[in-house]
Amino acid sequence: PASLHHTVVGSLPSIQHCPDLDTDPRELEKFSEHFKQRRIKLGVTQSDVGRALANLKIPGVGSLSQSTICRFESLTLSHNNMVALKPILHTWLEEAERVSMETSLITAERKRKRTSIASPEKRSLEAYFAVQPRPSSEKIGQIADKLDLKKNVVRVWFCNQRQKQKRLKFSAMR
């Protein structure tokens, strides 16, 4: 919406007009993917990010909606909003990683963090699935080694993919 553009870009003239700011769409895409991977690894929701931005005390930046963070990660914001949000989210990410490092030294390990599989690995898994949707335990181990993932992550991915196929098949029959 136009109000988002005004809120994000309009309130950040120093960032918006910064000549050395990287505006290459490929770099924005790369950062967006990196941001999402790191956010998930930190165990932080999109809503948490939006609320936490207000705590960073960046001039002219308040909290943002979960929807805005989601649209940033899925590259569905306008180019200008992507450019304006990149340095803000970069600042948040650096701060969140710093805090995470400090707290991980203090706190014991809690619940396992949700696993996020990057696009290249996901494409490889999809290719393996197309050939053999029910690989043996040994084959799952080989795939895991090749993609540098945990065997259990690959096993669960295949189970989830089979369930997804079942759902799609069922919904097509309706």
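**Figure 1. Serine 65 in the loop between helix 4 (46–55) and helix 5 (66–73).** Helices here are DSSP runs (H or I, at least four residues), numbered from the N terminus. The model is predicted: local features need pLDDT of at least 70 and side-chain atom pairs count only at pLDDT 80 or more, whereas totals for chains, interfaces and linings use all residues. Residues are numbered from 1 along each chain as its sequence is written, and side-chain values use heavy atoms, with hydrogens and water left out. Serine 65 has 36% relative accessibility and counts as partly exposed (buried is under 20% relative accessible area, exposed over 50%, partly exposed in between; 1.4 Å probe, protein chains only). Glycine 50 is 15 residues from serine 65 in sequence, and their C-alpha atoms are 5.4 Å apart.

**Figure 2. Serine 32 in helix 3 (residues 25–42).** Serine 32 has a relative accessible area of 1% and is buried. With neighbours within four places in sequence left aside, serine 32 is in contact with Phe72, Glu73 and Leu75 (contact: heavy atoms within 4.5 Å).

**Figure 3. Helix 9 (residues 151–173) and what covers its buried residues.** Helix 9 has 23 residues and spans 34 Å from first C-alpha to last, close to the expected 33 Å (1.5 Å times one less than the number of residues). Val153, Val154, Trp157, Phe158 and Gln161 of helix 9 are buried. Their cover includes helix 7 (119–131) and helix 8 (137–147).

**Figure 4. The crossing of helix 7 and helix 9.** The two axes come within 11 Å and cross at roughly 65 degrees (lines fitted to C-alpha atoms over the stretch in contact; angles from 0 to 180 degrees between N-to-C directions). Leu125, Glu126, Tyr128 and Phe129 of helix 7 meet Val154, Trp157, Phe158, Gln161, Arg162 and Gln165 of helix 9.

**Figure 5. The ring pair of phenylalanine 129 and tryptophan 157.** Rings of Phe, Tyr and Trp (its six-membered ring) pair if their centres lie within 6.5 Å; planes under 30 degrees apart count as stacked, over 60 as edge-to-face and the rest as tilted. The count by this rule is seven aromatic pairs. The rings of phenylalanine 129 and tryptophan 157 have centres 6.1 Å apart and planes at 90 degrees, so this pair is edge-to-face. Phenylalanine 129 belongs to helix 7 and tryptophan 157 to helix 9, so the pair ties together parts 28 residues apart in sequence. Both phenylalanine 129 and tryptophan 157 are buried.

Methods. Helix = DSSP H or I, 4+ residues; strand = E, 2+ residues; numbered from the N terminus. Left-handed = near helix turned anticlockwise from the far one by under 90°.
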